[in-house]
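Dear colleague,

I am handing over the structure below, and my notes on its side-chain contacts follow it. Please read them with the coordinates open.

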Amino acid sequence: MANLFLALASEGEKVVEFGPGGQLQEWAWLILVAPFVAYVLILAYGKKLKYEGGEIAVGMMAFVFGYGLLLWVDTIRNHTVFEKSIEIGRVGNGMVFEWGWVVDGLSSMMYFVVGTVGLLVFTYALGYMKGERRNTFFYASFSLFAGAMLVLVASANLAQLIVGWELVGVASYLLIGHYWEDKANSSAGMKAFFTNKVADVGLIVGALALSVSVGSFRIKDILEVATHNGDSLNAPYFGSTVAVAGALLLFFGAMGKSAQFPLHIWLPDAMAGPTPVSALMHAATMVTAGIYLMARMFPLYQEMATAARPIMIAVGAATLFLTGLIALVQDDIKKVLAYSTVSQLGYMMVAIAAGGYTAALFHLFTHAFFKALLFLGAGSVIHGVHSNNMSDMGGLRKYMPRTFWTFIIGSGALAGIIPLAGFFSKDEILGTLDHEGYTAVLWIAIAGAFVTAFYMTRAVALTFFGSYKGHGHPHESEGLMTVPLMILAGFSVVAGAVNMAGFKFGETIVLRYTGFTEWLATRDFSPLGDHHPEALEWGLALYGTIAAVGGIAIGWMLFSKDGETQEARDRLSIPVLYPILRAKYYLDDVALALVGVIKGPAARFVDWTNTYIFDTIVNSFGFAAGWLGKVVYNVADQGIIDGIFNGSAGVASVAGGWLRKIQTGKIQQYAGALVIGAVALVVGFVIFNSN
């Protein structure tokens, strides 16, 4: 290998390549390593810099953005599929652990999204985090967060994917609990961590089941078997086949990361972290990991694990509608957006389960921009009024015009208003559901569009209209924060153009462009066979638009009028439903009850294990070490080593005594000894020479 990293990593090991690819793909490992280099540099030198390490983090993300853009452009132009793996270890005779990276349509799209959104969010953080606590640690953890996601995206095998997956969880735990002095914040970090650990059991067991059955951790090998209906994945496994059971277990893992109902309970609480964390987590990293996993393994669900798809659709449909309803009653503006994210992830999961590979990822792509915009807009508001609660806001459009207008664009895109990006991606999901015959789910999705528009209208009205309710002095944010907002607003307007179905007038279709579909299909297993409408389906588009406009209109009627109190402004209080939504379907209570039931026996078991097993083992080692020490001291040290040295000293002492007797200091004796010695030498010489 030409580069140092590979030389170090692959010394004496096997390197496997799948082409074709050029130097750009060959060196793509740099965008995986860059965040970890930044992590180390920030910890080492961050405190000496003006932005306490933020400069290094932004520079690193600029590099990731630039490289990701080049990779994506190359994928678009040359349809490049490239994979490289380096063997780092083996288990038994066949299972190989590898470190690798994949450059194809799917990963290139994600590199671009992580790089673009990441660069803007990191830049925004320079302004938002100014004067905050532990900024150096924050930027280091933030870089680790982005790097872990890139490791996950680049994974050529399930073992590496799990490593990236877990690193994302660790980094999110550090960032969600950044303000750990407040117990609620540290508890939120632990809640996210432990909820995800429950789901991770499914991911790990599923990955092992599929990998061991196929004899390889490599995703390419597993999908090759899946697409050829291989016997190894048809073997029975817990009442099903390995393929279906493995696919469901992977999906369970994705439910945790992508916050699917009822494992979504950690995500709204994760708003305890700094707002830039929320933006990156909801737009381009953690919560998209589950959708990415489903997309990466899509050929498995498409070919051999079709029995898993109805369950995925049911979970996705429940997620998109039920969690959207909870957003209606939230006062914290970030929690409104958090439940909105959960709902949109439900759209993506429904789409991919229905066979809409492109539709799900198209929505992931557009959602990344307008959801990042909305979170950063919310952060700008919070920065201006020093409160998360909309009951402390109102009338902010006059004080924060740039934040207001960009937030309006993001809200419109999320609601699916034509011609903003969200309209096209959500319409493609509706088209997929209609084409695949999921009529009931289609209507749930349309109803979800109404709910989305409704709660976003409420959020806009309570935040930006009426009179100001807070006690501080609201002000527009500085350029470091508003410029990223304006750039993201631009993406929220135009991002839908990368995959427009086109408009059909008679026999003429105009503005049709499906480049995004072709780029995503640039994989080893393309074509992936999902639905590509010839043109916009006017009926579906009309239903979706009526739902969105209806949600905005009714929301505006209810919430645009000002009132003296929050209760007076917040006029939605439907009996029975409202308390249930405020209690979030009591899922947190159920989870706490389960934890309460489990934690007592679990704690006693751990205590018993610690007392009677680990302590016994440790004490045994301690006793053995003490006994061995005594043996070493008494036998080896005192008996042997000291004996040798004491014996040597005694011999030296005796010899010294003898020598001391001839060292009298009398010159006459020395001269006499000299003469005697000389005579003895002469006599000896004569005797031996004569012989």
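Predicted model: local features only at pLDDT ≥ 70, side-chain atom pairs only at ≥ 80, totals over all residues.

Aspartate 562 is partly exposed, at a relative accessible area of 33%, where buried stands for under 20% relative accessible area, exposed for over 50% and partly exposed for what lies in between (1.4 Å probe, protein chains only). Its salt-bridge partner is arginine 569, with the closest N and O atoms 3.3 Å apart, a salt bridge being a side-chain nitrogen of Lys or Arg within 4 Å of a carboxyl oxygen of Asp or Glu.

Residues are numbered from 1 along each chain as its sequence is written, and side-chain values use heavy atoms, with hydrogens and water left out.

Salt bridges

The structure holds 16 salt bridges. In one of them the side chains of lysine 197 and glutamate 166 meet at 2.4 Å, N to O, and this pair links distant parts of the chain, since lysine 197 belongs to helix α8 (residues 183–214) and glutamate 166 to helix α7 (residues 158–176), 31 residues apart; helices here are DSSP runs (H or I, at least four residues), numbered from the N terminus. Lysine 197 is partly exposed at 22% relative accessibility, and glutamate 166 is partly exposed with a relative accessible area of 22%. Lysine 197 also lies over the face of phenylalanine 193, at 4.9 Å from the ring centre, the criterion being NZ of Lys or CZ of Arg within 6 Å of the ring centre and within 35 degrees of the ring normal.

Another salt bridge joins aspartate 524 and lysine 220 (3.1 Å, N to O). Aspartate 524 lies in the loop between α23 (515–520) and α24 (538–559) and lysine 220 in helix α9 (residues 219–227), so the contact ties together parts that are 304 residues apart in sequence. Aspartate 524 is partly exposed, with a relative accessible area of 38%, while lysine 220 is buried at 15%. Lys191, Asp269, Lys584 and Asp588 are linked in a network of salt bridges.

Aromatic pairs

Rings of Phe, Tyr and Trp (its six-membered ring) pair if their centres lie within 6.5 Å, and planes under 30 degrees apart count as stacked, over 60 as edge-to-face and the rest as tilted. By this rule the count comes to 36 aromatic pairs. Phenylalanine 261 and tyrosine 585 form an edge-to-face pair, 6.3 Å centre to centre with 75 degrees between the planes, and the two residues, 324 residues apart, sit in the loop between α11 (242–257) and α12 (266–269) and in the loop between α26 (577–582) and α27, respectively. Both phenylalanine 261 and tyrosine 585 are buried.

The rings of phenylalanine 454 and phenylalanine 559 have centres 5.7 Å apart and planes at 65 degrees, so this pair is edge-to-face. Phenylalanine 454 lies in helix α21 (residues 439–464) and phenylalanine 559 in helix α24, so the pair ties together parts that are 105 residues apart in sequence. Phenylalanine 454 and phenylalanine 559 are both buried, and arginine 458 lies over the face of phenylalanine 559, at 5.9 Å from the ring centre.

Best regards
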